[in-house]
Amino acid sequence: MTPDATTADATTTAAGPRGRTAVVTGASSGIGAATARRLAADGFDVVLAARREDRIRALAEEVGGRAVVCDVTDDASVAALAREVGGCAVLVANAGGAVGMDAVVDADVEDWRWMYDVNVLGTLRVVKAFVPALVASGDGHVVVMSSTAGRIVYEGGGGYTAAKHGTTALAETLRLELLGQPVRVSEIAPGMVATEEFSTKRFHGDAEAAAKVYEGVAEPLVAEDVADCVSFVVTRPPHVDVDLLVVKPLAQAAQHRVHREG
């Protein structure tokens with residue numbers, strides 16, 4: 001990043017995304033990868049951050065972006081990411097995930113600890129690291145990737161819903177605390193999204209159990225649908241802040257109300 005990158009981000013606001021830097025965490029797969037592709041197509045200079053170097057380097061080459069290895073559960077790794085990026089206008093705090101479907105009384109404490117660390121503290125780390133650059137850009141934007149699980153609980157989802165409720169609380173509090181600063185805060189809350197890894201990881205690699213989540217659902221959301229939502233909120237005029245965007249497939253009316261064919 002050149003020394004005047006922050007100035008460049010600030011001075012290109014009126015012209016739209018081109019020349020503005022967008023950082024996407026969790027960019028190695030799923031919603032993060034789709035978001036990186038979409039923002040690059042929109043004209044942003046995209047920085048792809050994730051732990052799996054091979055994946056983000058391949059995707060960065062595809063979209064003309066930059067890959068930076070980063071583990072959002074590690075303070076030093078996040079600080080190094082912020083130093084390497086420098087000026088930044090958009091932060092998409094997307095890294096997250098779920099592990100396990102145990103009842104609360106049977107919960108694995110380490111699973112809960114990991115979910116809290118990546119979903120809540122991981123978001124906190126990247127927000128703290130990038131807010132100074134976002135303010136300096138003159139038109140910054142934080143997009144927090146939450147979930148409908150951040151608003152509604154369900155059996156077997158105690159650890160994930162607790163973590164995503166924390167993510168939602170972080171986003172809403174940040175919006176209050178940045179009032180008067182040139183930084184927008186948006187929360188995207190997707191419902192059922194079929195991606196290649198989310199449910200498989202949740203069921204500890206059991207692909208058959210993961211597939212049953214979407215069984216009979218003709219058209220769950222896909223990662224690109226959520227990337228469209230990110231693109232929409234970050235390309236609104238600077239005075240327009242989409243505080244919360246909830247998106248679900250037509251087949252899902254609520255966490256427990258999903259239309260399944262057959």
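Predicted model: local features only at pLDDT ≥ 70, side-chain atom pairs only at ≥ 80, totals over all residues.
Good morning, colleagues. I shall begin with the helix pairs. Two packed helices are described by the angle between their axes and the distance between the axes.

The crossing of α5 past α6 is right-handed. From α5, the contact is made by Trp 112, Met 115, Tyr 116, Asn 119, Val 120, Thr 123, Leu 124 and Val 127. From α6, the residues are Gly 158, Gly 159, Tyr 160, Ala 162, Ala 163, Lys 164, Gly 166, Thr 167, Leu 170 and Leu 174. Sorted by class, the contact of α5 with α6 has eleven nonpolar residues, six polar and one charged.

The other partner of α5 is helix α4, residues 75–85. How do the axes of these two helices cross? They come within 9 Å and cross at roughly 30°. The helices α4 and α5 are therefore roughly parallel to each other, and their crossing is right-handed. On the α4 side, the contact involves Asp 75, Val 78, Leu 81, Ala 82 and Val 85. On the α5 side, it involves Arg 125, Val 126, Ala 129 and Phe 130. The contact of α4 with α5 comprises seven nonpolar residues and two charged ones, with no polar residues.

The next pair is helix α2, residues 30–42, and helix α9, residues 223–234. Their axes come within 8 Å, and the crossing angle is roughly 45°. Is this arrangement parallel or oblique? The angle makes α2 oblique to α9. In this pair, α2 passes α9 in a right-handed crossing. The α2 residues in the contact are Gly 30, Ile 31, Ala 34, Thr 35, Arg 38, Leu 39 and Asp 42. Those of α9 are Ala 223, Glu 224, Val 226, Ala 227, Asp 228, Val 230, Ser 231 and Val 234. Eight residues of the contact between α2 and α9 are nonpolar, three are polar and four are charged.

I now turn to individual residues, starting with one from that last contact. Asp 42 lies in helix α2. With a relative accessible area of 22%, Asp 42 is partly exposed. Which side chain does the side chain of Asp 42 meet in a polar contact? The partner is the side chain of Ser 231, at 2.6 Å. Beyond its neighbours within four places in sequence, Asp 42 is in contact with Pro 17, Arg 18, Ser 231 and Thr 235. Asp 42 and Thr 235 are 193 residues apart in sequence, while their C-alpha atoms are 8.7 Å apart in space.

Val 143 belongs to strand β5, residues 140–145. Its relative accessible area is 0%, so Val 143 is buried. Again leaving aside neighbours within four places in sequence, the contacts of Val 143 are Leu 91, Val 92, Ala 93, Ser 186, Ile 188, Val 230, Val 233 and Val 234. Between Val 143 and Val 242, which are 99 residues apart in sequence, the C-alpha separation is 9.7 Å.

Ser 137 is buried, at a relative accessible area of 1%. A polar atom of the Ser 137 side chain lies 3.2 Å from the backbone nitrogen of Asp 139.

Finally, I shall consider two loop residues. Gln 181 sits in the loop between α6 and β6. Its relative accessibility is 41%, so Gln 181 counts as partly exposed. Gln 181 and Gly 138 are 43 residues apart in sequence and 8.6 Å apart in space, from C-alpha to C-alpha. Val 104 is found in the loop between β4 and α5. Is Val 104 buried or exposed? It is exposed, with a relative accessible area of 58%. Val 104 and Cys 70 are 34 residues apart along the chain, and their C-alpha atoms are separated by 31 Å.

Thank you for your attention.

Terms used
Residues numbered from 1 in each chain as written. Heavy atoms only, no water. Buried < 20%, exposed > 50% of the residue type's maximum accessible area, 1.4 Å probe, protein only. Polar contact = N/O pair within 3.5 Å; in protein donor to acceptor, adjacent residues only side chain to side chain. Axes fitted to C-alpha atoms, helices over the stretch in contact; angles between N-to-C directions. Helix = DSSP H or I, 4+ residues; strand = E, 2+ residues; numbered from the N terminus. Parallel < 35°, antiparallel > 145°, perpendicular 65-115°, else oblique. Left-handed = near helix turned anticlockwise from the far one by under 90°. Contact = heavy atoms within 4.5 Å. Nonpolar A, V, L, I, M, F, W, Y, C, P; charged D, E, K, R; others polar.
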